[in-house]
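I opened my notebook and worked through this structure one topic at a time. Here are my entries, in the order I made them.

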Amino acid sequence: MTTVVAQAPAKVNVHLGVGPLREDGFHELRTVYLAVSLLDTVTVRPGEGLSLTVTGEGAGGAVPTDRSNLVWRAAELLAGSAGVAADATMEIAKSIPAAAGLAGGSADAAAALVALDRLWGTGASRADLLDLAAQLGSDVPFSLVGGVALGAGRGEQVTPVLSRTRWDWVLGIAGEGLSTPAVYRELDRLRAADRVPDGAELVAAEPVLAALRSGPPAVLAGVVANDLQAPAVALRPDLGRALRTATEAGAAAVLVSGSGPTVAALAVDEHHALRLAGELAGAGVFRTVRAVHGPVPGARLVG
Ligand code: C5P
């Protein structure tokens, strides 16, 4: 029986500048995405109708197995646009925690598009897949592209950029997730109350792009920034302690990943990342600690 397997990576936003709320309910972004070596695997086989099972991170709880899962919607969208029947047995083996600010759901959707395109022989072009990805979610196009990319619009307009060969990070993952819309709403509230800059001037991504191109980590450390960090910390005050813990453990830079609550700690090299991961694991403030590196490729077939 035909089995198709695809993998897609988690991401860290090394830069996340958020503009004002747009009329369509999204915020204009300037972001720099980095795909990191924490991968989800999507396996698809022929089936009658759609079915979905989830194993690993978030199985039996945080990750739905019905139509509300982005993988299910990706299958319906691809089938509809290609004019084929949406028939597949789908399985997600998750390593990327859900609702963590790591684009785990987007990674699954991107991997599903690539896998189902092969299973159904729909022959979608890269441009077709990117268009479907943008309809599924703001981060899904980047999950297809991977590597390092500048994100504009609501995040769905991605332009690949060059980067140094390898960046080492440690991800500190909290016990409970954060809802992305809730974090954006909190940002709007903090802005209305004049507690953070209003975002009328988007913080430029260029210094981060320049630092990513050539390093060293100390230069990148001086320019990373995330406008969603303040609202994430406001919603989850324990995050402030988690960020301090990572700084005190000797990370070169510390920031919240995307809408959080994952803490991304920059290491100067792989050896430093392993040492830092050990310290953070022992600190007792994170549920899971992972040493990762990037850039890595976007969604691709692996079997
Ligand atoms: O595109 P995605 O489904 O990931 O977005 C989830 C929610 O996050 C949106 O409904 C919106 O509330 C918020 N969002 C936003 N601005 C963006 C991206 C997401 O306000 N650029």
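**Two domains**

I began with the division of the chain, which gives domain 1 (4–162) and domain 2 (167–294). These bounds come from an automatic or database domain assignment. This is a predicted model, where local features need pLDDT of at least 70, side-chain atom pairs count only at pLDDT 80 or more, and totals for chains, interfaces and linings use all residues. Residues are numbered from 1 along each chain as its sequence is written.

I looked up the distance between the C-alpha centres of domain 1 and domain 2, and it is 22 Å. How many residues are in contact across the two domains? I found 31 residues of domain 1 in contact with 38 residues of domain 2. Contact here is counted when the C-beta atoms of two residues, placed from the backbone, lie within 7 Å.

On the side of domain 1 that touches domain 2, I noted that β1 (4–21), β2 and β5 (148–152) each give two or more residues. My strands (E, at least two residues) and helices (H or I, at least four) are DSSP runs, numbered from the N terminus. Strand β1 gives the most to this side, with ten residues. By class, I have 22 nonpolar, seven polar and two charged residues there. For these classes, Ala, Val, Leu, Ile, Met, Phe, Trp, Tyr, Cys and Pro count as nonpolar, Asp, Glu, Lys and Arg as charged, and the others, Gly among them, as polar.

**Around the ligand**

Next I asked which residues are around the ligand. My list reads Gly25, Phe26, His27, Leu29, Gly137, Ser138, Asp139, Arg154, Gly155, Thr180, Pro181 and Tyr184. A residue counts as near if its C-beta atom, placed from the backbone, lies within 6 Å of the molecule. The largest share, three residues, comes from α5. I sorted the shell into four nonpolar, six polar and two charged residues. Both domains take part, since at least three shell residues are drawn from each of domain 1 and domain 2.

**What UniProt says**

I then checked the record. An unreviewed UniProt entry places the feature "active site" at Lys11 and Asp139. The positions are given in the numbering used here, feature names are shortened, and annotations may be inferred rather than shown by experiment. These two residues are spread over 129 residues of sequence, yet they cluster in space, with a largest C-alpha distance of 9.1 Å. I located Lys11 in strand β1, and Asp139 is one of the residues around the ligand.

The unreviewed entry also gives "domain: GHMP kinase N-terminal" for residues 69–147. I found this span to be 59% helix and 9% strand, with its end C-alpha atoms 25 Å apart. UniProt (unreviewed entry) puts "domain: GHMP kinase C-terminal" at residues 226–280. There I noted 53% helix and 18% strand, and end C-alpha atoms 21 Å apart.

**A pair of helices**

I followed helix α1 (residues 70–82) and helix α2 (residues 104–120), whose axes come within 8 Å and cross at roughly 40 degrees. Axes are lines fitted to C-alpha atoms, for helices over the stretch in contact, and angles run from 0 to 180 degrees between N-to-C directions. Their contact includes Leu70 and Leu78 of α1 as well as Leu113 and Trp120 of α2. I counted the contact residues as eleven nonpolar, two polar and two charged.

Which kind of peptide bond runs from Gly215 to Pro216? I found a cis bond, with omega near -5 degrees. Pro216 is in the loop between α6 (206–214) and α7 (217–221). Gly294 and Pro295 are also joined by a cis peptide bond, with omega about 5 degrees. Pro295 lies in the loop between β11 (288–294) and β12 (300–301).

My last entry is Ala103, which has a positive phi of about 60 degrees although it is not a glycine. I found Ala103 in the loop between β4 (88–94) and α2.
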